[in-house]
Structure formats: structure tokens, C-alpha cells
Amino acid sequence: MMTIKGIKGVKDILPEETPRWRFIEERATRWAGRYGFREIRVPIFEVTALFARSIGATTDIVEKEMYTFPDRDGTSLTLRPEGTAGTVRAFVEHNRAANPLPQKYFYLGPMFRHERPQAGRLRQFHQFGVEYFGTQDARADIEVISLLWRFLSDLHLPDLTLEMNSLGTSTDRATYLPVLVSFLKGRSARLCDNCKRRMETNPLRVLDCKVPECRAATEDAPHLTSHLSPDAKSHFDQVLGGLTALDIPYKLNPRLVRGLDYYCLTAFEITSTHLGAQNAVGAGGRYDGLVEALGGPKTPAVGFAVGLERISLMLPDHSLPEMPPTVYVAAFGSEGSQAGVLLQEQLRQAGVPAQSDYRSGTLKAHLRQADRAKCRYAVLLGDDEVKRGSATVRDMETKAQEDVVLAQLPSYFLRVISAS
Ligand code: HAM
């Protein structure tokens, strides 16, 4: 019979990997909490119009990467390709702006984009993201970037670079775009077909093209940062000054335009040379017009999202905490086997992780299983031990053994575990 396989670009996270994931998620939650962000859980699917209107109809995500399908009544639905749109939709729908501002939200969860799968690029991937609503103050941008930087540094991810740019206000872009388009027209013969099309639909995106010929052709393209209004320039300077004051190193990248259209002013990305082609660990920026564009009151906002698969790929093993020690109950003989079931239950109820393998009937087989399951201790429990009222505790690493009274085993292991 043909076996059914998982979908391309959609990965299982198996038990060997989940501790790594839980660790990353726990650290993300901890850092978000330290900065005063509270968790929001928004749905995995939304009406398609939400993403088209927020991310932008002419972006790669909306044009070719969304998983879109009709609901039974014909309404077009889409699996969320990112978390900002849904968070803003919820902010507007629940009239959250009526509550005191600022408001700070974070989320963790799966996102979906139909991209060509490769290492660090999946069709179902996971993001940790934060969204800070209610102020245009540059200190909010600094806070969000600093949260991202501290979180990634805490995980000891190698070779991180923070890249910064300003996308100006919509008025700044309106003055800059004709300058950029006229420059691009002069170079159009050297641009890829996609960029020729983008020149008409979304010219800023040409600066972000990864095709080497396009990059060379636009090497000396005019910079948006040379067309910033005094307010936008001052905002950018304040953000950069704040990063310097907090000792967060950055590099200016005038090509950083982001693949989503809702951004204005600050745009940033954290890359690592350890990720190959998919070098962005996380990215974000300011989006002061989005709440209003989705029907809410004017509410400036700034946020970021990181890809958890990419973090997991880069996370050094030494960053991971050790697994809590587990006790293996090696029970054999008729009375020993019964006592073994009871002992496991008593250990677990006391808070001590305990396991056994019921297929093993001999001490040798049990000890092999204890090794395979990487249990730190084994309790050797046969009929003689039951009669004696005590069992042998074996340290599987040092091979040291000692006799412990059966009734005292739970408190014995609690002591040992809390000391380790
Ligand atoms: P984004 O740059 O599209 O921004 O995605 C953020 C991060 O998600 C990327 O840097 C990358 O690590 C990860 N990512 C994106 N696509 C994939 C994929 N196909 N496979 C694996 N990882 C991926 C956003 O999503 C914005 N919503 C960020 C934001 C929040 N801006 C303001 N608030």
C-alpha cells in the first residue's frame, strides 16, 4: 500500500527536537515578559482581504505565497503568512485602542507561505513576534529592537548583524519613488524580468532583489535616506543614537526595504552568516498607518518577528539546559514486577520522572534499556528486594550503587534531583 507522506516544506518536530523548541519558546516568552509584552493568540486563518490589504496586493507574499481557499459559503480564506495583520485586526475588532496605551503584545505560532523549501525556509514555519501599539516615540523602536537583540544574544546565536534603514513617511516615499523609477528605467536592460515588472508595481522591491546582476545594476541607486523629511530623519537618528547608547551594534543597509508594504520609518533585520541563503533570523519595523488602514483609530506601532526554525538551526547545543534526571525502575520477578509498578507511580506523584520497559524480564535487559533511554538512575527491584524492603539504586554514569529503603525512594530521589 502507498504510505501517506507529509506535505513538502511542512516538517514534523520529533521528540528529540522538541526540548530545543521548548527552550527557545520559553526564552522568547521570558524576554517578552521582561519588556512588558503580553501574549495574544490570534487565529491561524483569516479572510484573505485582511492580508491583501495589510501586507500589500503587489508583494511576493500576497501575489504568490499565500495558502488561499474558499470556505463552504465561498468566502475566500487564507492561512496566515505572518502575525502582524491578525494582531492588528484583533486590536481593531476588540476596540483595544479604548484601553490605556501603549499596549504590547507577543505571539508564538505557525505561519504559512508557499515558498520553495530549503534549509531554513519552510511552507509551515513558526514565528515569535511582538507588536507595540500606541506611540511614535523612537524609544519604542529602540525597545523592540533591544528585546530582539537581547533575546538572540541570550541564546548565544553566532555572528549576528543588525541592519538598519529608514523607509521614511509616505510623503517621503512619494518624493523618492519617481527618482528611483527614473534611475531604474536607465538600468532596465540589466534587470531580471521580475524586477522589470516590480519597477511598475512595487519599485522599492527592486532594491531587495537577490539576483546578482540586478544587485550590480542597482549598486549606485539613490538612497531613500537621502530623501527623508526632517521629522523622519530625526526619528531615525534618535533610533540609531539609542542603539548606540544601549551598546547594540548595527550596520546601515540602504537596500533594506522589507517584503511587506505596511512599513514606514524604521526598518530592521537581523542576519547571520551561519544561515546560508536564508540569512534573516528576524526582522521588523514601524507601521504607523496599519491600524487606521484596517478601520481602527490612528495608532502608531512597531514590531518584529523571528523565525524559530532558523533560530533552532543556529542554536548551539551548549545553550540547551540539561534534561532533568530520570529514574529507570528495573523490576523483575513476580513480586518485584508488581512493586515496580507501584514504585513508578509513587515516584511520579512525588514529582520524580520515572519509567520502565515492561518487555524486559532480566536485570541485564533492563540496564540496557535504562542506558538507551538515557536514565540517570536505575532502581533494581526483584523479589528479594521486596522481601527485604529496600532496593539497590544504581547511578548509571558512575556505576555507584547504594541500598535505599523502598518507602524512602521518592524523598531520596527528590533530594538527589534538587541537588543536581
Ligand atoms: P518577515 O520578514 O516576513 O516579517 O518574517 C520574519 C521572519 O520570519 C524572517 O526573518 C524569517 O526568520 C522568518 N520566516 C519568514 N518566512 C519564512 C519561511 N518560509 N520559512 C522559515 N522562516 C521564515 C514578518 O513576518 C513581519 N510580520 C514582522 C513584523 C512584526 N513586523 C512588524 N511586526
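Strand β12 (residues 327–331) pairs with β13 in the parallel sense over two bridges; strands count as paired if DSSP finds at least two bridges between them. Helices (H or I, at least four residues) and strands (E, at least two) are DSSP runs, numbered from the N terminus. The model is predicted: local features need pLDDT of at least 70, side-chain atom pairs count only at pLDDT 80 or more, and totals for chains, interfaces and linings use all residues. Residues are numbered from 1 along each chain as its sequence is written, and side-chain values use heavy atoms, with hydrogens and water left out.

**Five-stranded sheet**

- β12 and β13 belong to an open sheet of five strands, in the order β13-β12-β14-β15-β16, with mixed pairing.
- The edges are β13 (354–355) and β16 (401–405); each has a single partner strand, so one side of each is left without a neighbour in the sheet.

**Ser356**

- Ser356 is placed in the loop between β13 and α13.
- Leaving aside neighbours within four places in sequence, Ser356 is in contact with Tyr328, Val329, Gln344 and His366.
- Ser356 and Gln344 are twelve residues apart in sequence, and their C-alpha atoms are 8.1 Å apart in space.
- The side chain of Ser356 reaches the backbone oxygen of Val329 at 2.6 Å.

**Three-stranded sheet**

- A second topic is an open sheet of three strands, ordered β2-β4-β3, with antiparallel pairing.
- β2 (45–47) and β3 (68–70) stand at its edges with a single partner strand each, so one side of each has no neighbour in the sheet.
- Neighbouring strands here are turned by 35 degrees against each other on average, direction ignored.
- Three bridges join β2 to the antiparallel strand β4 (residues 76–79), and Phe45 stands opposite Leu79 in β4.
- Helix α2 (residues 48–55) lies across β2, β3 and β4, and runs at about 80 degrees to β2.

**Ligand surroundings**

- There are 27 residues around the ligand, and Glu82, Glu115, Glu131, Tyr263 and Val281 come nearest; a residue is counted as near if one of its heavy atoms lies within 4 Å.
- Polar side-chain atoms lie 2.5 Å from a ligand nitrogen atom for Glu82, 2.9 Å for Thr84 and 2.8 Å for Glu131.
- The protein covers 96% of the 660 Å² of accessible area that the ligand has on its own; such areas come from the Shrake-Rupley method with a 1.4 Å probe, and for residues only the protein chains shown count as cover.
- β6 (124–133), β10 (280–286) and β11 (301–307) each supply at least two residues of the shell, and the largest share, six residues, comes from β10.

**Backbone exceptions**

- Most residues other than glycine have a negative phi, and most peptide bonds are trans.
- A cis peptide bond joins Leu101 and Pro102, with omega about 0 degrees; Pro102 lies in the loop between α4 (84–93) and β5 (103–112).
- Asp247, which is not a glycine, has a positive phi of about 65 degrees, and is placed in the loop between α9 (230–245) and β8 (251–252).

Terms used:
Axes are lines fitted to C-alpha atoms, for helices over the stretch in contact, and angles run from 0 to 180 degrees between N-to-C directions. Contact means heavy atoms within 4.5 Å. A polar contact is a pair of N or O atoms within 3.5 Å; within protein, one must be able to donate a hydrogen and the other to accept it, and residues adjacent in sequence count only if both atoms are side-chain atoms.
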